[in-house]
Amino acid sequence: MAASKPTAVHFSLIFFVMAALIGAVMAYLNHKDLGEANAKLEQAQKDSQRDGAAVRKLDEELQALKKLIGNEQEDVGLDSKTPNTVIGATEQDIKTHAEVLAEPTIKNTLIKLSGQLNQTKTQLAEEQSAKNALEAQFLALKGELDKVVDTHKTARDNAEKDLADNQKIKEEEVSAKDQQISALQKENEEILIELDQLRETDAKTIKDLENKNNRLASLVDTLRSRLDQIQKFSFEKPDGVIRTVDNSTGVVWINLGQADRLPKRMTFSVYRKSHQGIGRGEEDIIGAIEVTKILGPHLAEARIVGDDIFQPISPGDPIYTPLWGVGRPETFAISGIIDLDGDGKSDMDQLRQIIENANAKIDNEVTEDGERLGNGLTVHTKFLVIGESPNIDNAKTDEQRDKMQEVLSKMKEISDEARLKAVRVVGINDFLSYIGYKPQRRLYVPGSGVPSKIKAGAKKTGTTAGLANKSLTGTSPTSEIFRAKKGRKKPANRPY
């Protein structure tokens with residue numbers, strides 16, 4: 001009987017048999033034995049009968065499967081099996097760990113499949129029916145899955161709609177806020193522009209007022225100076241007068257004493273009888289004296305420490321010092337650099353000693369460092385004594401220049417304050433003349449640390465003893481007087 005030719009049925013049967021064999025081989029490679037494959041197949045059949053809840057957890061299971069495999073790459077690797085995919089990494093692991101895993105080959109699998117082909121022909125029909133059953137189950141599961149997917153799609157559409165509505169509401173609220181912010185910003189810009197205009201106007205007004213005030217202040221100072229020159233007026237009064245003069249010993253007696261609380265070593269400036277005003281200027285001062293002994297309630301002895309040979313001190317000449325007053329302490333303000341002897345060094349401590357030794361005090365001070373001390377000038381401030389001003393051109397560093405500018409600023413500030421509060425401003429030289437300060441002739445300087453060489457009173461001896469006290473170098477008193485007055489100009493009203 002002739003053999004029948006292969007038909008399409010035979011090729012289909014062979015294809016299905018080969019597919020079944022290949023699947024069995026793959027199951028063998030992955031699960032080591034057929035028993036495990038059958039168990040997993042049964043488990044898969046059971047899993048395929050589960051309801052749609054398994055589909056919803058499919059993604060979670062996939063992630064759990066990746067974690068179980070140990071390769072958690074984001075791409076599974078169906079299209080490109082690179083080491084960055086799950087499949088590629090798994091194959092790489094199989095190659096790397098060949099000693100642990102099985103090593104089957106396709107060639108050996110085909111040899112085994114050829115031997116088992118005849119046995120599988122009889123099972124083809126059964127497998128085909130099983131396949132149809134599986135397909136029916138698959139379609140049923142797919143229908144359930146579609147229902148679940150539709151449900152999720154509907155829920156997602158509703159959620160997206162709600163999100164769009166909420167986003168629209170938020171956008172409308174943000175747009176309203178943006179409009180409000182824009183309006184506020186515009187209003188703020190208008191306010192800032194108006195504020196800048198007001199500031200410019202106010203600054204100009206303030207500048208004009210300051211200029212006007214400075215012009216008026218300058219005018220007041222000029223008029224006040226002219227008025228003083230015309231009236232020759234002074235609020236200061238003499239503290240006492242010269243009662244007796246002993247020109248041979250250089251000793252005078254004044255009408256002040258213990259009852260007037262006159263301290264020893266107090267210095268006075270001596271004015272001519274026809275003075276134009278006590279405490280006005282040096283042109284009225286003809287000498288200076290220093291108290292050496294208190295003799296009675298209203299009597300004291302003093303030593304001449306400065307005189308004028310053209311206008312000698314005589315009885316009846318008024319004496320004055322701003323440092324001392326009968327029964328009241330005087331108060332002064334000091335401003336600027338105080339240099340009493342012209343050596344370029346500060347003598348502020350010495351001036352403070354002179355003032356404090358006279359039972360007076362300093363209530364305000366502008367130091368050489370530009371610091372303002374005190375609580376401001378008051379009606380009790382007698383004089384504002386102005387010292388030297390720093391010369392900015394002599395500054396060697398920026399720090400020195402800044403300090404000098406600060407001193408000048410504080411000096412102007414206290415001078416303006418004195419002008420407003422009617423406190424008289426005098427220079428340091430006039431002040432020293434008023435108090436009778438003569439450093440080149442005095443035997444005792446308060447605060448210097450040098451003990452006084454003045455004896456308690458003058459000896460009432462003859463002319464020889466007086467001359468001995470008059471000169472410590474042995475020269476004649478006449479030559480000493482003319483040497484001390486060398487270079488002094490003769491008064492213009494003198495005919496000789």
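Arg-372, Glu-413, Glu-417 and Lys-421 are linked in a network of salt bridges. A salt bridge here is a side-chain nitrogen of Lys or Arg within 4 Å of a carboxyl oxygen of Asp or Glu. Side chains of opposite charge can pair when their charged atoms come close.

Before going on, a word about the model. It is predicted, so local features need pLDDT of at least 70 and side-chain atom pairs count only at pLDDT 80 or more, while totals for chains, interfaces and linings use all residues. Residues are numbered from 1 along each chain as its sequence is written, and side-chain values use heavy atoms, with hydrogens and water left out.

**Salt bridges**

How many salt bridges does a search of the whole structure find? The search finds 15, and the table shows some of them.

| Pair | N to O distance |
|---|---|
| Glu-160 and Arg-156 | 4.0 Å |
| Glu-413 and Arg-372 | 3.1 Å |
| Asp-398 and Arg-401 | 2.9 Å |

Glu-413 sits in helix α9 (residues 398-420) and Arg-372 in strand β11 (residues 372-373), so this pair ties together parts that are 41 residues apart in sequence. Helices (H or I, at least four residues) and strands (E, at least two) are DSSP runs, numbered from the N terminus. Asp-398 and Arg-401 both belong to helix α9 and are 3 residues apart, about one turn of the helix. In helix α7 (residues 124-231), Glu-160 and Arg-156 are 4 residues apart, again about one turn.

Are these side chains buried or exposed? Buried means under 20% relative accessible area, exposed over 50%, and partly exposed in between (1.4 Å probe, protein chains only). Asp-398 is exposed at 56%, whereas Arg-401 is partly exposed at 30%. Glu-413 is partly exposed at 38%.

**The nonpolar cores**

A nonpolar core is a set of buried Ala, Val, Leu, Ile, Met, Phe, Trp, Tyr and Cys residues joined through side-chain atoms within 4.5 Å. The largest one has 42 residues, and those touching the most other members are Ile-242, Ile-254, Leu-262, Phe-268, Ile-289 and Phe-431. Why does this core lie between domain 1 and domain 2? Both domain 1 (239-305) and domain 2 (322-439) give residues to it; the bounds come from an automatic or database domain assignment. A second, separate core has 10 residues, including Ala-333 and Ile-386.

**The barrel**

Six strands form a closed barrel in the order β1-β2-β5-β4-β3-β6, with antiparallel pairing. Two strands pair if DSSP finds at least two bridges between them. Strand β1 (residues 240-246) is joined to strand β2 (residues 251-254) by 4 bridges, and Val-245 has Val-252 in β2 as its bridge partner.
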